[in-house]
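Subject: Structure for you to look at

Hello,

Please find the structure below, followed by notes on what was found in it.

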Amino acid sequence: MKTFDDLEVRRPALAQAYLALLGAQPGRPLALFAPRRVGKTFFLDHDLAPQAHKAGMLPVYADLWLHKTAPLEAVNHALEEALDDARVPASSIGKLAKTPVKKIGVLGASIDLGDEPQRRALPEQSALRLDALVTRLAGQHKGQVLLMLDEVQTLGEAQGGVSLIASLRAVLHKRRAEVCAVFTGSSQEGLSRLMNTAGAPMYQFAQIIDFPFLGDEFLQMLAVHFAAVHPGKTLAMDGLRSGFEKIGCKPALMRDVVKAMSAEGLTDVQRGIDNYMASDHQVAIWRALLNSVDAFDQGVLAVIARDQAPLSQSTLQALAAIPGAKPTISKVRSSIEKLKRSGLLSKNAGGTTIDDPLFAEYLRQRGAL
Ligand SMILES: Nc1ncnc2c1ncn2[C@@H]1O[C@H](COP(=O)(O)OP(=O)(O)O)[C@@H](O)[C@H]1O
Ligand SMILES: [Mg+2]
């Protein structure tokens, strides 16, 4: 029997639309933007990669967030692995079979299997290496490579970011027949800084697209499964919708809330969210998150959670209550920058906000500065 954890929404049509867009503008990557944990990586893995495969492309994935200090090396590493996979067949028999036969004796007695395939060494320098790898991989695959770079705003934060981006852009443009690229980004600010800074090499380079949240299809799956587990009980769609929106359209989180409701036989989604937030487990997670930053940063988070202007005089006065703090505008600014980099804060149309709406709610309920 299925569980709540098995419920997955697939979006092949969306993947195909993106591939069509890529095909229509060679050399121009797509940058899919959405907040954290709404399903970008899941989409690359479960929808985009399989559709690209079907279209004869070779999808290659690299998570730049995991390799913040050396993002271009991370891309190269992913390409090298793909090249290894493409070149070295799984069994040694396959490996022999792949080695071109150079000479067959007249009686078929002397068979020379030839040398192991050898290639010139790849360049050391990472930008040149990227260029060589893309070309080789596309040649080996005999088709286009789809480079999927997850959390690409990391490039803008890396040392020497501008020249990294310039290299990437140059390769994607020059090798547009061999490679196309899809980026994702979680930090709107980071991504738009990366793409739109006048004079920066990504300027008007990638096409930025708002990546769509999951919608009714996912919520309906939850409701149908809930009804199957609890005959006679139903979850109302409007309750699910407003709850999903409230938690920032994060599917794994919504699933956890509904699982907890299922355990209690509860059908009121708002109460389900309240209970979830008040659970020991969740409170412990938030407390740990809060304690991962110092007292001053905690104060700044509390201020922002309450929608107070973080740089106002009254905020500075309130922050002065923190033992040892001598708040100044520039201290608050650098705290905000730090909190953005760590993903606790994000910047969107409404200004700087707490990234996770439930964490914001926790901070508001907690009250203290
Ligand atoms: N299409 C989907 N259907 C069901 N669950 C999903 C889907 N997309 C994402 N999820 C759930 O949400 C979690 C977070 O998604 P993820 O792709 O890692 O988010 P992001 O990359 O945007 O931060 C996944 O681990 C998965 O449990
Ligand atoms: Mg992700």
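Helices (H or I, at least four residues) and strands (E, at least two) are DSSP runs, numbered from the N terminus. On that basis Cys249 falls in the loop between α10 (237–246) and α11, and its phi is near 55 degrees, a positive value in a residue other than glycine. Arg37, in the loop between β1 (30–33) and α2, also is not a glycine and has a positive phi of about 60 degrees.

This is a predicted model, in which local features need pLDDT of at least 70 and side-chain atom pairs pLDDT 80 or more, while totals for chains, interfaces and linings use all residues. Residues are numbered from 1 along each chain as written, chains are lettered from A and ligands numbered from 1 in the order written, and side-chain values use heavy atoms, without hydrogens and water.

Now to the ligand. Around ligand 1 there are 15 residues (a heavy atom within 4 Å), and Arg37, Lys40, Thr41, Phe42 and Arg255 come nearest. This shell divides into eight nonpolar, two polar and five charged residues.

Polar contacts here are pairs of N or O atoms within 3.5 Å. A polar side-chain atom of Arg255 is 2.7 Å from an oxygen atom of ligand 1. For a backbone N or O atom of Phe42 the distance to a ligand 1 oxygen is 2.8 Å, and for a polar backbone atom of Val38 it is 3.3 Å. On its own, ligand 1 has 550 Å² of accessible area (Shrake-Rupley, 1.4 Å probe), of which the protein covers 82%. The elements giving two or more residues to the shell are α2 (40–54) and α11 (251–264).

Ligand 1 lies between domain 1 (4–99 + 116–210) and domain 2 (216–273), because both give residues to its shell; the domain bounds come from an automatic or database assignment.

Regards

How values were computed
Polar contact = N/O pair within 3.5 Å; in protein donor to acceptor, adjacent residues only side chain to side chain. Nonpolar A, V, L, I, M, F, W, Y, C, P; charged D, E, K, R; others polar.
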